[in-house]
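Q: Hi! Could you walk me through the fold shown here?

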Amino acid sequence: MGINKQALKLLLAEHSYKPIIGDYVSIGKQTVQLPINEIAKHFQEYGISVDQLNLLKETGRSDTSTRAAGRELGGVFDHDMIASFSDANYVCLDRSTYEGADIIHDMNAPLPVELVGKYDFIYNGSCMDNVFDPVSFIRNTSKMLKIGGRLLMTEACGPNPGSRF
């Protein structure tokens, strides 16, 4: 699960069209698959300040918790990257505490009432391929959106069945 170049450009284009604000949920912790200098280049393409990214670089805060944490790439946390261009309130939903999720929920199970209509923006960076019932995943994801909320889903696939890691 992650944010690659294409996903980052989609996020930035969407933010440029209509700012990503309010309550943001990431389905699964996302590994940012780009070095911080490349992230900054894309920020500049969309007219977004790189000041917060530069602060991240100076502090040396690095993602060592996600499964494919790109330490060689600079290891920017997804929540730090989102916070560097948006004031949205970030939370992460996953089926376990493995990578530090804020909300624990199996997207195959019925959605708890407290998650219905809660989020202004939902990002799924290739989690649906890891669930048994993709229809439940899509149904639950759409129920989580506030009226007028937005959803960005990217899914990766490969030649072998199962998770790609």
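A: Happy to. Two strands pair if DSSP finds at least two bridges between them, and helices (H or I, at least four residues) and strands (E, at least two) are DSSP runs, numbered from the N terminus. By that rule, strand 6 (residues 119–125) runs parallel to strand 7, and six bridges join them.

Q: Which residue stands opposite phenylalanine 121 in strand 7?
A: Arginine 150.

Q: Quick check, what's the background on the model?
A: This is a predicted model: local features need pLDDT of at least 70, side-chain atom pairs count only at pLDDT 80 or more, and totals for chains, interfaces and linings use all residues. Residues are numbered from 1 along each chain as its sequence is written, and side-chain values use heavy atoms, with hydrogens and water left out.

Q: Back to the sheet: what order do the strands have?
A: The order is 5-4-2-6-7, in an open sheet of five strands with parallel pairing. Strand 5 (103–104) and strand 7 (145–154) each have a single partner strand, so one side of each is left without a neighbour in the sheet.

Q: Switching to helix 1, which of its residues are buried?
A: Ala7, Leu8, Leu11, Leu12 and His15, where buried means under 20% relative accessible area, exposed over 50% and partly exposed in between (1.4 Å probe, protein chains only). They cover an arc of only 130° around the axis, which puts them on the same side of helix 1; the arc is that of the directions from the helix axis to the C-beta atoms.

Q: And what about the other side of helix 1?
A: Gln6 and Tyr17 are exposed there.
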